[in-house]
Amino acid sequence: MSFRSVVAVFAVMIVLAVGGGVLLHDMYSAADGSAAAPDPPPVPVERDPEDRPGSGEVRLSGDAARHPERDAVRRVLQTYFDAINERDFDLWRSAVTSERLGTTEEDQWIEDFRSTRDGDMYVHRIAPARDDRLRVLVSFTSTQDVEDAPATLPEPCIHWWLALPLAAGGDGDGWRIDAVSPGTPPLYEAC
């Protein structure tokens with residue numbers, strides 16, 4: 001058998017293997033009903049400046065949507081971001097743990113978020129963490145007056161990526177956003 005024949009046979013085998021794998025995946029996904037709807041577009045979503053920061057609805061990736069705590073996680077994140085967008089400290093207080101609340105003064109919170117609008121919130125993953133907690137990987141876009149932006153990135157529009165820790169609510173009422181551990185800084189970039 002010549003070298004060209006070997007390469008041709010090998011190429012045909014690869015095409016058949018890949019095609020068969022895709023066909024089997026589609027058949028099994030359809031048979032067991034586990035085929036997930038396609039994920040929303042990747043984030044950050046690039047928008048025209050007048051359309052920023054984007055949708056105020058917290059969305060879930062396909063992976064996050066399969067997690068058993070998805071509804072409770074989405075609910076607490078929606079409350080958290082709604083509170084920021086509405087400048088409602090009492091609503092924000094209902095979404096965080098007492099530890100997180102203990103590190104935040106109301107006057108400072110109001111000052112910190114006075115011009116902030118958050119949008120395009122997207123939960124990439126919900127993962128278990130130590131001590132019966134969850135870690136939620138989330139991204140979003142914020143707009144704010146430049147003087148209210150982080151000193152390290154004084155921009156009117158920022159894309160953020162965070163790993164938020166969630167703990168069970170003290171009153172047994174779902175999840176709450178906990179204080180972020182030192183050494184886990186957010187990632188961010190200008191829009």
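**Note on strand pairing and the disulfide**

1. Leu-60 stands opposite Val-123 in β2. The two belong to a parallel pairing of strand β1 (residues 59–60) with strand β2 (residues 117–129), made over two bridges. Strands are DSSP runs of E of at least two residues, numbered from the N terminus, and two strands pair if DSSP finds at least two bridges between them.

2. This is a predicted model, in which local features need pLDDT of at least 70 and side-chain atom pairs count only at pLDDT 80 or more, while totals for chains, interfaces and linings use all residues. Residues are numbered from 1 along each chain as its sequence is written, and side-chain values use heavy atoms, with hydrogens and water left out.

3. β2 also pairs with strand β3 (residues 133–143), here in the antiparallel sense and over 10 bridges. Within this pairing, Ile-126 has Val-136 in β3 as its bridge partner. Three residues separate β2 and β3, which form a hairpin. In the turn, Asp-131 has a positive phi of about 55°.

4. The structure holds one disulfide (a pair of cysteine sulfur atoms within 2.5 Å). Cys-157 and Cys-191 form this link, with an S to S distance of 2.0 Å. Cys-157 lies in strand β4 (residues 157–168) and Cys-191 in the segment after β6 (187–190), so the bond ties together parts 34 residues apart in sequence. The link is left-handed, with -70° about the S-S bond.

5. Cys-157 is buried, at 5% relative accessibility. Cys-191 is partly exposed, at 29%. Buried means under 20% relative accessible area, exposed over 50%, and partly exposed in between, with a 1.4 Å probe and protein chains only.

How values were computed. Helices (H or I, at least four residues) and strands (E, at least two) are DSSP runs, numbered from the N terminus.
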